[in-house]
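Open the model in your viewer and keep the selection tool at hand. This tour goes stop by stop.

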Amino acid sequence: MDSLTQIVLGAAVGEAVLGKRVGNKAMFYGAIAGTIPDLDTIVGKFLDPLTAIEIHRGLSHSIIFSIVMAPLLGWLVSKIHKRAAATWKDWSWLFFWGLITHPLLDAHTTWGTQLFWPFDLRLAYQNIFVIDPLYTLPFLVFLILAMRLPKTSAKRKKYNRLGLIVSSGYMILTLILKGISYQKFTDALDAQHIEYASIDTRPAAFNTILWYANVDVGDAYLLGDYSFFDTKPISFKRVAKNKAALGNYKNSETVKRLAQIAEGWYAIEERNQDLFFNDLRFGVYDLEAENLKFVFSYQLVPNQYDELNMIEAERDPEAMKQVLSSLWSRVWGN
């Protein structure tokens, strides 16, 4: 999830593990631990764009990384704070939980995490958007309330615990909402006598009231949305897979790697004689638009080695303002 959420979670975990003994230092180092896994984005800046995408939420979001890094970071902090009422083992325990809860939270998003790296298995429950104010803001309020109290205060522990309980409770609620929305989509498909191979659902940006679905119907995908405030039946838009447009590049290494990243949910688009690889997992900017624009779209450019280079399509900041307005209206039903 977003950096602020991971900082809040890490700080709360640090407080729960060691706050009573070292006070706000536990929150501080817990927040650092909650940030460290996302440093893979910095590493990605020194790599080609495709490799950068592949490594994101990989090694640094794994159980192995947490196990290896926790004692190293714990040893370093124990040397910095020699007089603190905490041992190397205590600090290591704080860093382990701060590091491991980061990918455990990210696993609930659409991108997911390779928690069991080096195994090629990405956990992605897709029940919460990467930025969700209803998860983060109450959590942050409780953390601030706890931070302002002495480390021995019973209320400090209570506020921190409430933050963890409320945020975890909301996460459980999102799983329930995902289950209900999934049933709504499958009921709509059955009612319209649509046969499908698989279905993929996820929440829209910043909320868990509006949900999106991708439906594999063979040579095409059906895209649909559903708000819990809807009064009209769910309708679907058809998007051709159009993989034949790749021609001789259908077995390209670039296409294979992108297809693996997209977990098979992709369509090829021809635009002004250029080819674009659209990752369907993250949906479109506006499902009501006449010409659908996908959030993650990559231009495929032939190179001199009879291969394809990948260029991520640029986003239009002005168009995003309209998208947010449309999203707000759609949340409240059709």
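What follows is a list of selections, with a note on what is there.

**Before you start.** This is a predicted model: local features need pLDDT of at least 70, side-chain atom pairs count only at pLDDT 80 or more, and totals for chains, interfaces and linings use all residues. Numbering runs from 1 along each chain as its sequence is written, and side-chain values use heavy atoms, with hydrogens and water left out.

**Whole chain.** Show the protein chain as a cartoon. Its secondary structure comes to ten helices and eight strands. Both are DSSP runs numbered from the N terminus: helices are H or I with at least four residues, strands are E with at least two. Along its principal axes the C-alpha trace spans about 65 × 55 × 35 Å.

**Two domains.** Colour 3-174 as domain 1 and 194-332 as domain 2. These bounds come from an automatic or database domain assignment. The C-alpha centres of the two domains lie 31 Å apart. Their contact (heavy atoms within 4.5 Å) takes 19 residues from domain 1 and 20 residues from domain 2.

**The interface.** How much area do domain 1 and domain 2 bury between them? About 1,600 Å², with 61% of it on carbon and sulfur atoms. Buried area is the accessible area (1.4 Å probe) that two parts lose on being put together, summed over both.

Now select Glu-54 and Arg-257. They form a salt bridge, with the closest N and O atoms 2.7 Å apart. A salt bridge here is a side-chain nitrogen of Lys or Arg within 4 Å of a carboxyl oxygen of Asp or Glu. The rule finds one across this interface.

Next, select helix 4 (49-55) and helix 8 (154-191). These elements give two or more residues to the side of domain 1 that touches domain 2. Helix 4 gives the most to that side, with five residues.

Select Glu-15 and Arg-156. Their side chains meet in a salt bridge (2.8 Å, N to O). Glu-15 is in helix 1 (residues 3-22) and Arg-156 in helix 8, 141 residues apart. By the salt-bridge rule the count comes to ten.

**Two backbone stops.** Go to Arg-57, in the loop between helix 4 and helix 5 (63-80). Arg-57 has a positive phi of about 60° although it is not a glycine.

Finish at Trp-117 and Pro-118. The peptide bond from Trp-117 to Pro-118 is cis, with omega near 15°. Pro-118 lies in the loop between helix 6 (88-106) and helix 7 (133-147).
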